[in-house]
Amino acid sequence: MNRLAVLGQPVSHSRSPAMHNAALAAMGLAGEWRYEAIDVDPAGFEPLVAAMPAEGFRGANVTVPHKGAALAVADELSEVVREIGAANTITFEERGIRADNTDAPGLLAAIGGRPLRGRRALVLGAGGAGRAAVWALCREGARLEVWNRTPLRAEHLCAEVGGSTVEDPDIAGYDIVVNTTAVGLRGEDPFAELPLSPEALHAGQLVLDMVYGEEPTALLRAAGEAGAETVDGIEVLVQQGALSMRAWVGREPPLDPMRAAARG
Ligand code: ATR
């Protein structure tokens with residue numbers, strides 16, 4: 001059995017096992033490959049990863065809070081990982097551990113063909129997900145600003161990855177708004193915690209929320225009601241997962257079974 005996993009803490013809520021096992025089944029690989037969730041704390045991360053190849057693991061997704069630590073355990077970093085400073089995918093190869101970042105290209109795939117060059121974009125948050133979003137949108141030529149609750153973190157991000165910081169953003173003035181913060185994950189109100197108001201959202205905008213759950217998030221519900229286009233966190237999850245699967249298995253997984261499984 002070729003084993004795959006998502007490594008994180010907490011990880012019990014993750015849709016990744018259902019989504020990846022659905023992809024493996026749809027590719028006729030369910031008998032040879034299996035994907036599981038492993039809850040691991042920061043102290044346990046490095047020894048766990050070191051032991052995984054001998055236990056049949058071929059690769060893993062790495063999620064909160066290990067996306068930075070994944071760089072330290074890798075022998076080879078992709079160019080994107082070096083530029084973003086965070087990895088969400090590791091692959092156990094003959095010559096060692098390779099780290100990739102599929103969050104950034106996954107976000108672009110979820111945005112689809114929508115034009116980005118010259119568009120005004122706001123990224124909320126400066127964690128690992130924020131770094132990937134800033135890298136991806138800058139690379140596509142968006143005019144990017146970054147807001148973070150802790151402004152110094154946004155300053156570091158912009159200096160290292162791109163864009164400029166903003167402390168009091170005028171939401172109505174952006175073409176694209178991306179929430180990469182954890183706000184909404186536990187039902188927090190985005191309009192209380194983030195510099196957003198429902199009245200500032202309008203048609204012609206594209207609003208992405210990396211947070212996902214059972215229901216559309218409060219942010220996406222308000223954006224939809226205001227006539228804005230929306231992309232949810234499940235679509236980003238599916239797109240990054242498909243790219244990770246391709247890295248491990250060497251085949252293009254079908255997206256629709258992944259979407260269905262991820263949406264539960
Ligand atoms: P990830 O790698 O998934 O992005 P992270 O590094 O823990 O996770 O980052 C979480 C992000 O959510 C950060 O931008 C964090 O803001 P701080 O840098 O100020 O901590 C943001 N965040 C979490 N809770 C928040 C809240 N209640 N209000 C505003 N931002 C919040």
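**Figure 1. Pro10 is found in the loop between strand 1 and helix 1 (16-26).** The model is predicted; local features need pLDDT of at least 70, side-chain atom pairs count only at pLDDT 80 or more, and totals for chains, interfaces and linings use all residues. Residues are numbered from 1 along each chain as its sequence is written, and side-chain values use heavy atoms, with hydrogens and water left out. Helices (H or I, at least four residues) and strands (E, at least two) are DSSP runs, numbered from the N terminus. The peptide bond joining Gln9 and Pro10 is cis, with omega about 0°.

**Figure 2. A cis peptide bond joins Val64 and Pro65.** Here omega is about 5°. Pro65 lies in the loop that connects strand 3 (57-62) and helix 3 (69-73).

Figure 3. Strand 1 (residues 2-8) and strand 2 run parallel and are joined by 7 bridges. Val6 has Ala37, in strand 2, as its bridge partner.

**Figure 4. An open sheet with parallel pairing has 6 strands in the order 9-8-7-10-11-12.** Strand 9 (164-165) and strand 12 (229-231) are the edge strands; each has a single partner strand, so one side of each is left without a neighbour in the sheet. Strand 10 (residues 176-179) pairs with strand 11 (residues 206-209) in the parallel sense over 4 bridges. Asn179 has Asp209, in strand 11, as its bridge partner.

**Figure 5. The ligand is surrounded by 15 residues.** The closest residues are Gly128, Asn148, Arg149, Thr150 and Arg153. By class, the shell has 6 nonpolar, 6 polar and 3 charged residues; Ala, Val, Leu, Ile, Met, Phe, Trp, Tyr, Cys and Pro count as nonpolar, Asp, Glu, Lys and Arg as charged, and the others, Gly among them, as polar.

Figure 6. Taken alone, the ligand exposes 650 Å², of which the protein buries 77%; accessible areas come from the Shrake-Rupley method with a 1.4 Å probe.

Technical notes:
A residue is near a molecule or strand if one of its heavy atoms lies within 4 Å of it. Two strands pair if DSSP finds at least two bridges between them.
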